[in-house]
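Reader: I should like to learn how to read the contacts, packing and charge pairs of a structure. Could we proceed feature by feature?

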Amino acid sequence: PKLVFLHGLMGFGANWRKIVSDFESEFQILAYDQRGHGKSFQPLTGYAPEDYAMDLLKIIDDLGWEKIPLVGHSMGGRNALSFATQFPRRVIS
(Lines give C-alpha, C1' and ligand atoms only; values in the text may rest on other atoms or scores of the structure.)
Protein backbone atom coordinates (compact mmCIF):
# COMPACT_ATOMS: atom_id res chain seq x y z
CA PRO A 1 0.00 0.00 0.00
CA LYS A 2 0.93 3.61 -0.50
CA LEU A 3 0.67 6.83 1.55
CA VAL A 4 1.08 10.41 0.35
CA PHE A 5 1.90 13.19 2.81
CA LEU A 6 1.48 16.87 1.85
CA HIS A 7 3.18 19.46 4.06
CA GLY A 8 1.82 22.83 5.11
CA LEU A 9 2.64 26.39 4.05
CA MET A 10 6.34 27.22 4.44
CA GLY A 11 7.05 23.54 5.15
CA PHE A 12 8.71 20.82 3.13
CA GLY A 13 8.48 17.06 2.70
CA ALA A 14 10.96 16.27 5.47
CA ASN A 15 8.56 17.80 8.01
CA TRP A 16 6.86 14.39 7.96
CA ARG A 17 10.09 12.53 8.84
CA LYS A 18 9.08 11.36 12.35
CA ILE A 19 5.55 10.37 11.34
CA VAL A 20 6.65 8.62 8.15
CA SER A 21 9.10 6.47 10.11
CA ASP A 22 6.13 4.75 11.80
CA PHE A 23 4.67 3.74 8.42
CA GLU A 24 7.64 3.09 6.13
CA SER A 25 7.98 -0.60 7.02
CA GLU A 26 4.44 -1.29 5.77
CA PHE A 27 3.83 1.39 3.11
CA GLN A 28 5.46 3.03 0.13
CA ILE A 29 5.67 6.66 1.21
CA LEU A 30 5.62 9.84 -0.84
CA ALA A 31 6.51 13.03 1.07
CA TYR A 32 7.92 15.66 -1.26
CA ASP A 33 8.59 19.40 -1.38
CA GLN A 34 5.54 20.95 -2.99
CA ARG A 35 5.91 23.69 -5.58
CA GLY A 36 7.63 26.77 -4.18
CA HIS A 37 8.73 25.04 -0.96
CA GLY A 38 11.95 23.40 0.18
CA LYS A 39 14.12 22.35 -2.75
CA SER A 40 11.29 22.31 -5.30
CA PHE A 41 11.12 24.55 -8.35
CA GLN A 42 9.81 28.04 -7.65
CA PRO A 43 7.95 29.45 -10.64
CA LEU A 44 6.61 33.00 -10.62
CA THR A 45 3.02 31.76 -10.97
CA GLY A 46 1.01 28.58 -10.43
CA TYR A 47 0.32 28.51 -6.71
CA ALA A 48 -3.40 27.74 -6.78
CA PRO A 49 -4.61 24.49 -5.20
CA GLU A 50 -5.38 23.21 -8.70
CA ASP A 51 -1.73 23.70 -9.69
CA TYR A 52 -0.53 21.70 -6.69
CA ALA A 53 -3.07 19.00 -7.54
CA MET A 54 -1.71 18.76 -11.09
CA ASP A 55 1.83 18.47 -9.73
CA LEU A 56 0.76 15.56 -7.53
CA LEU A 57 -1.05 13.90 -10.44
CA LYS A 58 2.11 14.06 -12.56
CA ILE A 59 4.20 12.61 -9.74
CA ILE A 60 1.93 9.66 -9.02
CA ASP A 61 1.49 9.01 -12.74
CA ASP A 62 5.28 8.86 -13.10
CA LEU A 63 5.42 6.46 -10.14
CA GLY A 64 2.66 4.32 -11.65
CA TRP A 65 0.44 4.77 -8.58
CA GLU A 66 -3.22 4.45 -9.55
CA LYS A 67 -5.06 5.23 -6.28
CA ILE A 68 -3.68 6.89 -3.17
CA PRO A 69 -4.59 7.78 0.38
CA LEU A 70 -3.74 11.41 1.14
CA VAL A 71 -2.61 12.99 4.40
CA GLY A 72 -2.31 16.77 4.42
CA HIS A 73 -1.45 19.43 6.97
CA SER A 74 -2.66 23.02 6.61
CA MET A 75 -1.96 24.03 2.98
CA GLY A 76 -1.29 20.35 2.27
CA GLY A 77 -4.81 19.55 3.47
CA ARG A 78 -6.20 22.17 1.12
CA ASN A 79 -4.17 20.70 -1.73
CA ALA A 80 -5.30 17.18 -0.83
CA LEU A 81 -8.94 18.33 -0.98
CA SER A 82 -8.31 19.99 -4.34
CA PHE A 83 -6.73 16.80 -5.68
CA ALA A 84 -9.62 14.69 -4.38
CA THR A 85 -12.16 17.04 -5.97
CA GLN A 86 -10.40 17.09 -9.35
CA PHE A 87 -9.43 13.40 -9.43
CA PRO A 88 -11.84 11.50 -7.18
CA ARG A 89 -11.13 8.17 -8.86
CA ARG A 90 -7.45 8.48 -7.89
CA VAL A 91 -8.11 8.84 -4.13
CA ILE A 92 -8.71 6.02 -1.67
CA SER A 93 -9.01 8.22 1.40
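Author: Let us begin with a term: contact means heavy atoms within 4.5 Å. The model before us is predicted. Leaving aside neighbours within four places in sequence, histidine 37 is in contact with His7, Gly8, Leu9, Met10, Gly11, Tyr52 and Met75.

Reader: Where is histidine 37 found, and is histidine 37 buried or exposed?

Author: Histidine 37 is found in the loop between β2 and α2. Buried means under 20% relative accessible area. Histidine 37 has 6% relative accessibility and therefore counts as buried.

Reader: How does one check the length of helix α2 against what its residues should span?

Author: One takes 1.5 Å a residue, so the 15 residues of helix α2, 49-63, should span 21 Å. The end C-alpha atoms of α2 are 21 Å apart, which agrees. After α2 comes glycine 64, with a positive phi near 80°.

Reader: Which residues of α2 are buried, and what covers them?

Author: Pro49, Tyr52, Ala53, Asp55, Leu56, Leu57 and Ile60 are the buried residues of α2. Their cover includes the strands β1 (2-6), β2 (28-31) and β3 (70-72), together with α3 (75-86).

Reader: How many aromatic pairs does a search of the whole structure find?

Author: A pair of aromatic rings is described by the distance of the centres and the angle of the planes. The search finds five such pairs in the whole structure. In one of them, the rings of phenylalanine 5 and phenylalanine 23 have centres 6.2 Å apart and planes at 50°, so the pair is tilted. This pair links distant parts of the chain, with phenylalanine 5 in strand β1 and phenylalanine 23 in the loop between α1 (17-21) and β2, 18 residues apart. Phenylalanine 5, at 2% relative accessibility, counts as buried, whereas phenylalanine 23, at 32%, counts as partly exposed. One aromatic cluster is formed by Phe5, Trp16, Phe23 and Phe27.

Reader: How many salt bridges does the structure hold, and which residues are linked in a network of salt bridges?

Author: Side chains of opposite charge can pair when their charged atoms come close. The structure holds three salt bridges. Arginine 35 pairs with aspartate 55, the closest N and O atoms being 2.7 Å apart. Arginine 35 lies in the loop between β2 and α2, and aspartate 55 in helix α2, 20 residues apart; both arginine 35 and aspartate 55 are buried.

The network links Asp61, Glu66 and Arg90. Aspartate 61 and arginine 90 have their closest N and O atoms 2.8 Å apart. Aspartate 61 lies in helix α2 and arginine 90 in the segment after α3, so the pair ties together parts that are 29 residues apart in sequence. For the salt bridge of arginine 90 with glutamate 66, the closest N and O atoms are 3.8 Å apart. Arginine 90 is buried, with a relative accessible area of 13%, whereas glutamate 66, at 53% relative accessibility, counts as exposed.

Note on methods:
Residues are numbered from 1 along each chain as its sequence is written. This is a predicted model: local features need pLDDT of at least 70, side-chain atom pairs count only at pLDDT 80 or more; totals for chains, interfaces and linings use all residues. Side-chain values use heavy atoms; hydrogens and water are left out. Helices (H or I, at least four residues) and strands (E, at least two) are DSSP runs, numbered from the N terminus. The expected span of a helix is 1.5 Å times one less than its number of residues. Buried means under 20% relative accessible area, exposed over 50%, partly exposed in between (1.4 Å probe, protein chains only). Rings of Phe, Tyr and Trp (its six-membered ring) pair if their centres lie within 6.5 Å; planes under 30 degrees apart count as stacked, over 60 as edge-to-face and the rest as tilted. A salt bridge is a side-chain nitrogen of Lys or Arg within 4 Å of a carboxyl oxygen of Asp or Glu.
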